[in-house]
Amino acid sequence: MNRNTSEDHDDIFDVAVVGAGAAGLSAALFLTRARRRTVIYDGGPVRNSMISKIHEYLGYEGSTPAEFLERGRSEVVSYGGEIRSETVLKIEARPDGLFDVWGSKMKITARAVVLATGLVDVLPMVPGLKEGLGKYVHLCPCFSGYEVRDKPFVAFGLPERLAQLGKFLTAWSSDVTVVSPHEFDSETLTRLDGFGVKTVQDEVTGLVTEGDQLVSIATASGTEVPCEAVFVAAPFKAASELAASLCEVDEAGFAVTDTYGRTSRPGVWAIGNATDQLAHLVHSAASGANIGPWVVDYLLETSLNPKKKE
Ligand SMILES: Cc1cc2nc3c(=O)[nH]c(=O)nc-3n(C[C@H](O)[C@H](O)[C@H](O)COP(=O)(O)OP(=O)(O)OC[C@H]3O[C@@H](n4cnc5c(N)ncnc54)[C@H](O)[C@@H]3O)c2cc1C
């Protein structure tokens, strides 16, 4: 028996990992290989579940999200990880330093918690946007710009991110139009013009499609801007309120962490999109591996010096 783990207490896990995407599975792989008793909660679809192919992850180029997850899950299970199809509803920090974790089916206790709950892309209220995701609606050219290269693009959404997005898109197409009701200052307009980006001061109200093809966007003023792909600068929000109940969060509900994924509460880590909104799959997986040694160290230290009951 490995004395440093919780395997001698049936009801206590070393770590509860909440979220079974790239970040959570990667953390779980490290922790199970470090012989920590780990439960992983899979509460539903991952952020990119609607796309047909993963890009920008060396070794997984062209895999489907389902293939990627299946491979990760079987690796974690092969080292003893216990994946539960449950949403975590509540986590309570106990005075003795342990955590009570309420899944939708049952409660467990864990010595440490890893939040890998991801984020939600808050799409503007434009009909058809959600349905077009993964086809002609895109959020980031890093993931799908190459697949629609050289086509006419329209970018819209958060004004503070639009100028940067418009410029960035010119790496993939020379036909980029930024559509926004926002009045950009003259310096921004001159810069966008310098990159060859057109600007239209108007509000996007709809997508015009023919079959499965996007042909233009419709605007509030009644005009149409021809395009075959739209890129949306959408706000992010935390996918779960668990972090807010456990540790310091920012105004959008994301856990505030140090470079090792540590939150303001000892024993709680946050990784992937749950703390870093710009993390791609490869960064999210890396963040899971990154915290692994620190979680193990915490478990070893607290097994030597358990927190006294208050
Ligand atoms: C349209 C689109 C396309 C993308 N394409 C790519 C790409 O090609 N390449 C790339 O590198 N990145 C891509 N991304 C980004 C990628 O999706 C994220 O980087 C990645 O999903 C982040 O991994 P994560 O593990 O942090 O979060 P996720 O993968 O979102 O996993 C979080 C998991 O936690 C679960 N969860 C949340 N709350 C709870 C709870 N309370 N209890 C239990 N489970 C919970 C969620 O259901 C989800 O399964 C794309 C994103 C979008 C939106």
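I'll start with an open sheet of three strands, ordered 12-13-14 and paired antiparallel. Strands pair here if DSSP finds at least two bridges between them. Helices (H or I, at least four residues) and strands (E, at least two) are DSSP runs, numbered from the N terminus. The edges are strand 12 (204-210) and strand 14 (224-226), each pairing on one side only. From one strand to the next, the twist averages 30°, with axes fitted to C-alpha atoms and angles running from 0 to 180 degrees between N-to-C directions.

This is a predicted model, where local features need pLDDT of at least 70 and side-chain atom pairs count only at pLDDT 80 or more, while totals for chains, interfaces and linings use all residues. Residues are numbered from 1 along each chain as its sequence is written, and side-chain values use heavy atoms, without hydrogens and water.

Back to the sheet. Strand 12 is joined to strand 13 (residues 213-219) by six bridges, and Gly206 stands opposite Ala218 in strand 13.

Now helix 2. Pro65, Phe68, Leu69, Gly72 and Val76 are buried there, meaning under 20% relative accessible area with a 1.4 Å probe, protein chains only.

What covers the buried residues? The cover includes helix 1 (22-33), strand 2 (38-41) and helix 8 (281-304), with contact meaning heavy atoms within 4.5 Å. Just after helix 2, Gly80 takes a positive phi of about 100°.

Notes
Buried < 20%, exposed > 50% of the residue type's maximum accessible area, 1.4 Å probe, protein only.
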